[in-house]
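The stops below are given in the order in which they may be selected.

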Amino acid sequence: MRITPFGAAQTVTGSCHLVEHQNYRLLLDCGAYQGADEERNEAPFGFDPRTVDAVLISHAHNDHIGRLPMLIRQGFAGRVYVTEPTRLILPVILEDALRLMQEERERLVRKGREAPPLPWNERDLAELYTRLEVVTYYQTQSLGPFSYRLRDAGHLPGSAFIQLEAAGRSLIFSGDLGHRRKDVLVDPDYPAMVDLVLCEGTYGDRCAPPFCCNAGGVFRHFE
Ligand SMILES: [Zn+2]
């Protein structure tokens with residue numbers, strides 16, 4: 001397996017990782033950049049979307065799904081695999097993202113400023129909805145030379161971490177992970193033994209009370 005990050009590497013948002021094996025190209029997440037990195041959403045992906053065979057989505061937050069309509073617009077012709085809750089939440093998130101982009105564009109036009117065309121629109125979104133395929137937690141599925149299984153990440157409804165295998169090697173892609181002992185969501189599952197873990201580290205420099213210490217706040221700061 002060859003793994004190349006095209007987002008959420010040395011930054012928090014824009015989760016997008018290409019995994020290749022035997023000419024099959026699988027994308028893990030296709031998220032938007034947010035905050036200070038937002039302008040990177042208009043940049044090329046860094047790979048040709050027409051050559052991607054399928055996308056696996058960890059969960060429905062915009063920084064994990066937000067560039068899916070742009071992937072469609074730029075020629076991706078495959079299916080997008082999601083859990084059932086993710087299928088239901090995804091339109092809410094993306095339609096809101098589109099509305100915000102449209103409002104920002106209208107604001108620029110009103111001020112007489114240059115307003116570049118939107119990177120994707122309703123048509124791309126409608127096409128994306130026809131590409132969604134629902135998969136069930138814990139069932140082993142196949143995509144080309146890969147097999148994979150989704151386990152509950154406890155981060156929001158439908159969130160999953162992805163266990164992926166090919167040619168006798170295995171990896172886990174964490175997506176975003178939730179805390180244990182929450183009121184509403186289930187606890188994240190324990191992972192299987194694998195060769196490699198791609199793990200989010202968004203709050204990895206903090207201790208989250210009361211789950212791991214009583215001190216609260218930052219206990220160590222990485223620069
Ligand atoms: Zn998230």
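Begin with the second largest pocket, which has a volume of about 670 Å³. A pocket is found on a 1 Å grid over the protein atoms alone: it is an open set of points where a 1.4 Å probe fits, with protein on both sides within 12 Å along at least five of seven lines, whereas a cavity is a set from which the probe cannot get out. Grid points are joined across faces, edges and corners, and the volume is the space filled by probe spheres set on the points. The model is predicted, and local features need pLDDT of at least 70, side-chain atom pairs count only at pLDDT 80 or more, and totals for chains, interfaces and linings use all residues. Residues are numbered from 1 along each chain as its sequence is written, and side-chain values use heavy atoms, with hydrogens and water left out.

Select Glu38, Asn41, Glu42, Ala97 and Met101, which lie nearest the centre of this second pocket among its 25 lining residues; a lining residue has an atom within 4 Å of a point. Then select helix H3 (residues 84-110), which gives the largest share of the lining, 8 residues. Helices (H or I, at least four residues) and strands (E, at least two) are DSSP runs, numbered from the N terminus. By class, this lining has 14 nonpolar, 4 polar and 7 charged residues. Here Ala, Val, Leu, Ile, Met, Phe, Trp, Tyr, Cys and Pro count as nonpolar, Asp, Glu, Lys and Arg as charged, and the others, Gly among them, as polar.

His59 lies in the loop between strand S4 (54-56) and H1, and His155 in the loop between strand S8 (146-152) and strand S9 (160-166), so the pair ties together parts that are 96 residues apart in sequence. His59 is buried, at a relative accessible area of 0%, while His155 is partly exposed at 23%. Buried means under 20% relative accessible area, exposed over 50%, and partly exposed in between (1.4 Å probe, protein chains only).

Now select Gly78, in the loop between helix H2 (68-73) and strand S5 (79-82). Gly78 is buried, with a relative accessible area of 10%. Leaving aside residues up to four places away in sequence, Gly78 touches Asp53 and Arg131; contact means heavy atoms within 4.5 Å.

Two backbone stops complete the tour. Most residues other than glycine have a negative phi. Asp29, in the loop between strand S3 (24-28) and S4, has a positive phi near 65° and is buried at 0% relative accessibility. Tyr138, in the loop between strand S6 (132-134) and strand S7 (141-143), has a positive phi of about 70° and is partly exposed, with a relative accessible area of 40%.
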